[in-house]
Amino acid sequence: MNNRAVILFAGVALLYVLTGVLLSWNVSLNILILGLLSAIMALGVNMQWGYAGLFSTGIVGSIALGGLAVVFVSGAPVPQAFAAGGPGVFLSAGWQLIFGLTVAVAMIAAAVVIWTYMPRGRPRAITVAAVLIAGFFLYRAIFDPAVTAIEAFDPATHGNIGGFGLNSIWAWPVGGLFAAIAAWAIGKISLGLREDYLAIATLGIAEIVITAIKSEDWMARGVKNFINLPRPWPVPYEVEMQADPGFLAFCVNWGLSPITASTLAVKGIYIGMFSLVLAALIWLLQRALNSPWGRMMRAIRDNEVSAAAMGKDVKRQHLIIFILGSAVVGMAGAMYVSMLGQLVPGEYTTLRFTFLIWIMVIVGGSGNNWGSVLGGLLVGWLWLIVDNAGPLIMGAVTSGLQDGPLKDHLIDIAPQFRLLALGVALLLVLRFSPRGLLPEK
Amino acid sequence: MADPFLIGEAMTGGYGAADILNACTIAVEKGQIAVIVGPNGAGKSTAMKAVFGMLKLRGGQVRLNGEDITKLSPQDRVAKGMAFVPQTHNIFTSMTVEENLEMGAFLRRDDIKHTLEQVYHLFPILKTKRLQPAGELSGGQRQQVAVGRALMTQPQLLMLDEPTAGVSPIVMDELFDRIIEVARSGISILMVEQNARQALNIADRGYVLVQGANRYTDTGEALLANPDVRRTFLGG
Amino acid sequence: MNFLNALVALLNFVVIPAASYGAQLAVGALGVTLIFGILRFSNFAWGDTMAFGTMVVILFTWLFQSMGISIAPLPTALLALPFGILITAAFLLGTDRVVYQFYRRQKAKPIILVVVSAGVMFIMNGLVRMIIGTEEQNFADGGRFLISAGDFKAWTGLAEGLAIKGTTAVTLVTALLTMAALFWFLQKTRTGKSMRAFSDNEDLALLSGINPDRVVQVTWVIAAALAVIAGTLYGLDKSFRPFVYFSLLLPIFASAVVGGLGSPMGAVAGGFVVAFSEIVVTYAWKKVLTYLVPESWAPDSLMQLLSTDYKFAVSFSILIIVLLFMPNGLFNKGK
């Protein structure tokens with residue numbers, strides 16, 4: 001870290017402190033928690049873009065898959081739904097659903113194998129198409145009744161297949177794994193083609209992931225939202241703390257209100273945990289970047305043709321980095337949901353969770369891990385402060401105006417203004433300082 | 001001595017730090033054919049590009065009809081009456097033959113029908129294929145389209161970068177005949193050729209380049225008769 | 001009789017909606033493919049360009065309505081269309097001057113332009129939401145139905161009705177005229193041919209004296225027209241919501257890629273391929289099948305391949321199939 005970095009980080013820290021002093025410490029810490037998560041997501045995107053020059057517009061998909069992992073790992077088990085029977089259900093609903101999904105995957109795998117090993121020509125195309133179509137109907141025949149049975153069980157509170165009820169910290173790596181699997185599939189298809197095809201294809205896969213989470217109620221209750229997910233170890237609940245005599249005594253000793261103290265403590269623990277993950281990631285990434293592998297990645301990014309000529313398998317390396325980057329983003333997505341304690345599919349919009357993360361990476365400094373962290377904390381703060389203080393600020397700006405439709409409109413549009421402002425910021429950085437606030441060395 | 005119609009005089013320059021051309025001089029007289037030959041990597045195409053302004057010169061001058069055009073962009077040189085046929089990617093593959101020719105005449109505001117007829121007269125096969133996409137033609141026919149497109153600007157100087165690369169010997173002879181015909185109509189021709197012997201046969205003036213510098217400069221006939229040139233560059 | 005009923009149901013629920021949606025996608029995809037062919041990048045701001053243009057059209061529609069100007073039975077929006085195109089074209093030319101031109105001069109990699117277009121997307125998105133808000137806007141006026149289902153039933157005596165909405169007819173006619181005008185322009189005019197030449201072989205186009213700046217400017221103006229027309233037709237047919245326009249990116253990109261990015265013919269075909277697949281796959285076939293098979297065979301389920309929520313999955317699957325097996329698209333032979 002050089003002087004410039006120190007000054008910039010100090011500046012961002014000052015923003016958070018000012019928010020705490022002027023607005024409220026609760027808001028400031030909330031933003032910091034989300035800023036840290038954004039920084040982790042930005043690190044993952046920076047791996048793809050900064051190290052390898054891959055432009056993926058499916059970040060929101062990875063984040064949502066990470067969130068879904070929390071529901072599966074930590075959601076309460078619903079044994080009645082899993083064991084449910086019904087018309088067309090010959091196993092228990094849960095097992096039949098898993099069986100149906102297995103059939104779907106097996107059919108796709110079979111199609112790929114046939115495509116690879118059969119000689120080119122019409123028979124091959126027809127066989128593959130037949131396998132896929134037959135497979136689709138078979139899958140639907142097994143899968144649909146199971147879903148109906150599961151969703152029929154107590155739809156007001158459940159209607160989902162249930163999770164393992166484990167501590168949600170286990171969901172973090174699983175979230176990464178989910179995102180990695182999706183990245184593997186999409187990378188296999190669209191890497192090695194024109195570079196904007198990856199951008200288009202990832203836009204599509206993200207859209208499908210979000211649609212599935214919204215409409216497949218058996219997974220996570222869809223748009224009915226999934227609430228009451230447990231907190232990750234070792235984060236306590238405020239009410240438990242307030243009932244703990246030791247904590248109460250501590251509060252009395254220091255003259256703190258137990259409610260304030262417990263909220264701040266919980267936030268502090270989250271900040272500590274997320275910072276730890278962030279630090280570990282940066283340490284790993286910095287090592288990787290300075291290893292022979294990191295040098296090779298940069299060589300490929302800077303000149304694909306000559307790297308390929310030197311015998312580097314460019315497509316394979318791109319696939320690896322694409323998967324790793326997506327996994328990091330997916331893990332951050334899981335961390336986010338485990339902290340919120342709920343999965344709200346409606347929240348996952350491309351603008352907020354794909355392009356905003358992109359702005360963090362580019363403004364912070366493509367290719368520089370510290371830059372991504374800075375971008376995450378800075379842009380995250382800018383974005384969220386508008387949610388919290390936007391109407392306030394706009395109210396102050398427009399205080400000279402008379403009350404009326406214009407003033408109402410101006411206050412209403414404050415949150416939209418940030419889209420414009422961030423777009424302008426992105427373009428200015430790209431144009432005048434394309435290497436970002438903290439350039440790659 | 002009066003200037004030739006076109007002269008690139010003592011041209012020095014290259015793409016990166018190292019110069020590819022070293023005080024190389026190329027000139028063509030009105031209505032004549034000048035040919036640049038030489039071993040691979042001698043800077044033949046580079047010399048041609050330098051004359052056309054696709055390469056920044058560190059030294060030397062290019063003059064067309066006595067006017068210094070060293071600073072002009074390739075586009076401006078087209079307007080001055082120079083036409084260039086690149087070695088590859090020299091046609092619009094998705095457009096018809098006739099559209100290719102029309103695009104050649106893009107800058108002209110007058111009636112192009114007459115020139116179009118002239119090109120079809122020169123290359124009759126193009127007339128029969130005029131509504132076909134140029135990308136579907138054979139190699140030799142594509143070269144004809146490429147030359148035809150360049151002629152549509154009504155140039156005073158036609159520059160050809162290896163026009164016979166990748167075409168059969170029969171097609172090559174045919175193409176050379178057409179090039180002579182073009183020169184007879186008063187258009188100067190400057191070309192780079194791999195097939196040195198055949199090219200020098202039709203050349204009024206030949207330039208043998210080695211390492212970006214002039215090694216031999218003479219009439220085509222004299223170069224073909226020169227035993228040194230024969231031994232070193234024409235394979236005996 | 002049953003066969004006729006099935007046919008009418010098929011027309012009413014599949015063919016007509018798909019043709020109308022396909023026409024909207026085709027016009028949108030033409031813009032994407034044109035920008036790709038000339039400027040050589042995938043424009044992620046396209047959905048928001050459509051939203052921006054449609055917003056301008058809506059504002060002018062309201063203005064005309066408040067002034068009492070009407071071209072009933074045609075929707076007032078058609079009258080507002082030229083104004084929308086004018087303002088959007090000015091906006092796009094402005095963005096080109098301020099934003100894209102710099103990267104073009106630098107000969108930046110296409111992916112940089114894609115990222116830049118995402119920045120432009122943010123700006124347009126913000127502008128649209130600030131000016132007209134995020135709410136749904138219905139701005140279709142004029143005749144509701146060309147043929148209403150009731151009239152059709154009374155007239156033919158069939159059990160199934162065939163309804164043709166006014167907006168469907170407007171969509172089809174406008175889209176057809178737009179495409180015809182564009183193809184005439186590209187095939188027959190000097191400027192149009194120079195655009196094709198530039199798209200085909202930029203270096204040779206320069207050697208032929210074609211002015212790249214002019215080609216680019218004309219492209220933006222045409223793109224603006226296409227964006228505004230596609231967006232307005234979609235909004236008339238359904239409704240206007242900024243975020244829906246953003247998500248139209250996927251089917252529109254899919255349409256353009258299916259036909260081969262850069263090929264206008266391909267974009268049109270791609271638009272209809274995507275629209276028909278989307279509707280065929282997400283339509284509940286129960287009704288049509290019930291007419292066709294003997295009563296005892298009538299299906300219990302909806303006979304729907306995928307729920308309508310997954311319509312984007314259809315565009316996506318088409319996209320993937322094309323990327324896997326024909327990366328140059330259906331209409332670009334080995335390039």
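These legends walk through several close-up views of a predicted model. Local features need pLDDT of at least 70 and side-chain atom pairs count only at pLDDT 80 or more, while totals for chains, interfaces and linings use all residues; side-chain values use heavy atoms, with hydrogens and water left out. Residues are numbered from 1 along each chain as its sequence is written, and chains are lettered from A in the order in which they are written.

**View 1. Who touches whom among the chains.** Two pairs of chains are in contact (heavy atoms within 4.5 Å), and of these, chains A and C share the most contacts. Chains A and B, on the other hand, do not touch: 17 Å separates their nearest C-alpha atoms.

**View 2. The two domains of chain A.** The domain assignment (bounds from an automatic or database assignment) gives domain 1 as 3-76 + 163-432 and domain 2 as 78-161. Their C-alpha centres sit 33 Å apart. Where they meet, domain 1 of chain A puts in nine residues and domain 2 of chain A puts in 14 residues.

**View 3. Helices H2 and H15 of chain A, side by side.** H2 (residues 25-52) and H15 (residues 314-340) pack with their axes 8 Å apart, at an angle of about 170°. Helices here are DSSP runs of H or I, at least four residues, numbered from the N terminus; axes are lines fitted to C-alpha atoms over the stretch in contact, with angles from 0 to 180 degrees between N-to-C directions. That angle makes H2(A) roughly antiparallel (over 145 degrees) to H15(A). The contact has 18 nonpolar residues, six polar and no charged; Ala, Val, Leu, Ile, Met, Phe, Trp, Tyr, Cys and Pro count as nonpolar, Asp, Glu, Lys and Arg as charged, and the others, Gly among them, as polar.

**View 4. The largest nonpolar core.** A core is a set of buried Ala, Val, Leu, Ile, Met, Phe, Trp, Tyr and Cys residues joined through side-chain atoms within 4.5 Å, buried being under 20% relative accessible area (1.4 Å probe, protein chains only). This one has 282 residues, and A:Phe274, A:Tyr348, B:Leu6 and B:Leu190 touch the most other members. Helix H1 (residues 2-39) of chain C gives the most, with 17 residues.

**View 5. Around A:Ile114.** A:Ile114 belongs to helix H5 (residues 93-117) of chain A. Residues up to four places away in sequence aside, A:Ile114 touches A:Arg124, A:Thr127, A:Val128 and A:Val131.

Definitions and conventions:
Helix = DSSP H or I, 4+ residues; strand = E, 2+ residues; numbered from the N terminus. Parallel < 35°, antiparallel > 145°, perpendicular 65-115°, else oblique. Buried < 20%, exposed > 50% of the residue type's maximum accessible area, 1.4 Å probe, protein only.
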